[in-house]
Amino acid sequence: METVLVAFLLLQLTVPALGVYKRWLRSTNFNSPNNWNAGRAPCGNDVVLIPDGSPVVYVQTNTTLKELTLPDNGEIIFGKNSILAFTNAADPNCPPFDGDVEYLVSAPNKWVNPDNWCPTDTENGPCSSMPLLDSERVPCATDNAVFPRDEAFYVDLDTGLDINVKSLKLSGRSYTTTTFTNYIQSPDGQRIFPPPKGTGVTRSSVTVSRQKCNDPTGCTCGNDQGEIFKKICSVFTPKCPRAQCQIPFRPMGSCCDVCGALFNGTAGTGFSISNFKTILQQFISARNDNATVKLIVSKTGMGFIQAVLTGDNGDISIPVADAVKSDMDADARTGGHKYRLDGIQLMESSGAIQPTSGPNAHTGGQLGGGSIAGIIIALIVVLVLALFGLLFIRKRTGKSSNMLDDVMDIPSRVRRSLPRGRRVPGDVSRPRYEIEMTDPGFGNPLYGDIGGVVVGDVRPMEMMPAEIQPTFDTTDDGFNNPLYASVTQDGTFVGKGNKSSGKQSKEEHGSDSNI
């Protein structure tokens with residue numbers, strides 16, 4: 001039984017290195033529930049609307065409707081022996097729906113979207129749950145791309161990409177690089193693979209290489225770098241789930257941050273990617289964590305061997321990785337004949353976020369005890385350094401070394417200079433304040449004690465007797481102002497050869513308030 005289990009695991013783990021089938025999931029079929037706003041295929045009680053701009057609709061089974069509205073420029077393809085009928089009789093098997101049942105497909109589905117493909121072991125087999133990097137979920141250079149029979153498609157190949165696949169089959173027909181290029185330029189091909197819009201835009205090329213992976217160290221997918229990887233992540237990154245750890249990492253070929261562990265190394269002499277996967281899987285199985293820990297082993301576009309253990313917040317996958325690393329270190333001390341990897345590096349996430357349900361649940365993103373303790377220690381260190389710095393400065397300047405008193409007594413050193421009820425002349429709104437000086441400085445006889453420290457009231461300044469304000473001489477001659485020439489006794493200004501009132505003069509020269 002154990003031999004059979006090991007053989008089964010080996011078969012499962014070697015599939016990515018040898019290439020798999022990637023089958024297209026999206027169709028424009030009439031009977032596909034995802035293509036309708038009702039969430040189901042139309043039936044006998046429905047008024048059906050296929051709007052303008054819809055792609056080719058394929059009817060593959062017998063269907064009865066109440067009414068059907070077709071687009072001005074559209075196409076419906078009927079499968080072999082399929083019938084489309086109409087009736088006014090109520091259909092008891094047709095679920096009710098409020099309004100017209102409308103066809104939703106209006107834009108082509110992107111080739112680079114990982115959600116539009118599923119990996120399978122055979123052309124028509126069920127989709128596999130085998131974990132893959134995001135870049136590996138789109139057909140790789142060693143994969144077989146399949147568009148299944150009896151379905152219609154609407155596919156966006158994007159622009160400026162070099163797409164490479166091992167083989168390409170569309171509705172049961174195999175294509176080469178040349179035949180597929182010719183097909184997508186034909187009217188039928190453009191209905192399925194519409195050309196890009198805009199001038200000067202280059203349609204992506206599709207190369208059918210027929211390339212098999214015969215390298216025991218593994219073969220690169222080809223989608224984990226360059227423009228195609230950017231396009232994959234531009235579609236998929238907005239869908240990424242939140243990593244359940246505070247410090248995740250992002251493996252090469254992944255569009256999302258993950259928690260867990262990552263091994264990275266270079267294939268040594270005699271390395272086998274199949275054997276490496278089997279060893280890692282044995283560590284996972286020994287801990288009964290097959291359902292939790294996901295293992296992804298691949299050869300990156302840069303030629304490194306990458307192994308990712310993820311699928312949880314790191315609480316389970318990290319201990320598995322630590323056990324593997326200990327075994328790798330022990331193997332290296334005896335010659336490294338088990339793993340045959342050079343320059344092995346281990347990266348792990350940290351700060352696992354506990355689930356938010358259950359009796360021991362914690363709030364996501366909450367700081368752990370170690371983080372809080374680190375913050376407190378850092379604050380204490382900063383405070384101690386600040387106090388020592390202040391003490392050092394005061395000693396250098398010869399000031400008092402009673403640092404704590406100086407800091408705490410700052411408010412008491414600002415005192416009012418006048419007794420309560422008195423105000424500084426000229427300022428009836430605010431009392432006057434004075435800073436107590438610790439350095440006597442030079443003596444000022446105006447304030448009394450020469451060389452002393454002023455700590456009491458300021459000696460009030462003796463006011464002069466009421467000053468006699470200067471007045472203008474208003475005699476006949478008055479005061480001669482060169483600007484206005486002369487002033488008469490009644491206060492009017494008289495210029496040479498012109499007599500005008502003061503009011504007129506202000507209007508001519510502008511009022512004082514506007515100067």
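Which residues form a nonpolar patch on the surface? The patch consists of Ile-376, Ile-380, Val-384 and Phe-388, which together have about 380 Å² of accessible area.

## Basis of the model

This is a predicted model, in which local features need pLDDT of at least 70, side-chain atom pairs count only at pLDDT 80 or more, and totals for chains, interfaces and linings use all residues. Residues are numbered from 1 along each chain as its sequence is written, and side-chain values use heavy atoms, with hydrogens and water left out.

## The chain as a whole

The chain contains 10 helices and 27 strands; these are DSSP runs, numbered from the N terminus (helices: H or I, at least four residues; strands: E, at least two). Of its 515 residues, 33% are buried, where buried means under 20% relative accessible area, exposed over 50%, and partly exposed in between (1.4 Å probe, protein chains only).

## The surface patch

Phe-388, one of the patch residues, lies in helix H8 (residues 369-397). Phe-388 counts as exposed because its relative accessibility is 56%. Patch residues have over 30% relative accessible area and no salt bridge, with like charges joined within 9 Å and nonpolar side chains (Val, Leu, Ile, Met, Phe, Trp, Tyr) within 5 Å. A salt bridge is a side-chain nitrogen of Lys or Arg within 4 Å of a carboxyl oxygen of Asp or Glu. Accessible areas come from the Shrake-Rupley method with a 1.4 Å probe; for residues, only the protein chains shown count as cover.

## Strand E13

In strand E13 (residues 162-165), Ile-163 and Val-165 form the covered face, while Asp-162 and Asn-164 form the uncovered one. In a regular strand the side chains alternate between the two faces of the sheet.

E13 pairs in the parallel sense with strand E16 (residues 205-208) over four bridges; pairing requires that DSSP finds at least two bridges between two strands. Ser-205 in E16 is the bridge partner of Asp-162.
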